[in-house]
Amino acid sequence: NEGEHPAALSCYERFLEATRAAADARGEQLALNSIAVDYYKLSMFDKSADASAQHLQVAANDVASKFVAHSNLGLALSAMGELEKAGLNHRHALRYAIVLSSAAGGKGGGQVVNKSADEM
């Protein structure tokens, strides 16, 4: 959707509505991530941060999704000048990356359910 972010946002918003209506948590996470990225590309960092925060809430016990949501939230907050909050989110993302790496035998790409970064 490079260069077509406003049109893409409209599609992602409709997708988000559909996933919520269907109680499709994975789809909702995908929609919120896509929305966050497009708002970021449009320099609408507050809306990007909001979508990432929603993504984080929906992620529940999905470690990979929490990693992505914290990473995106950290980037948006950093762009807004909220450096302490950004750093905190990046630290959380790093912890989740370590959990993912450990779950995959150190090769990355694994997924762990019911384990939080705080348990490290």
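## A walk through the helices

Start by selecting Ile35: setting aside neighbours within four places in sequence, Ile35 is in contact (heavy atoms within 4.5 Å) with Leu9, Tyr12, Glu13, Leu16 and Ala51. Before you go on, know that this is a predicted model, where local features need pLDDT of at least 70 and side-chain atom pairs count only at pLDDT 80 or more, while totals for chains, interfaces and linings use all residues. Residues are numbered from 1 along each chain as its sequence is written, and side-chain values use heavy atoms, with hydrogens and water left out.

Next, colour the largest nonpolar core: Leu9, Leu16, Ala31, Leu32, Ile35, Ala36, Tyr39 and Ala51, 8 residues in all. A core here is a set of buried (under 20% relative accessible area, 1.4 Å probe, protein chains only) Ala, Val, Leu, Ile, Met, Phe, Trp, Tyr and Cys residues joined through side-chain atoms within 4.5 Å. Helix α2 gives the most to this core, with 5 residues. There's also a second, separate core of 5 residues, including Ala49, Ala76, Leu77 and Ala86.

Last stop: Ser71, in helix α4 (residues 63-79). Is Ser71 buried or exposed? Ser71 is buried, with a relative accessible area of 16%. Not counting residues up to four places away in sequence, Ser71 touches His90 and Ala93.

Note on methods
Helix = DSSP H or I, 4+ residues; strand = E, 2+ residues; numbered from the N terminus. Buried < 20%, exposed > 50% of the residue type's maximum accessible area, 1.4 Å probe, protein only.
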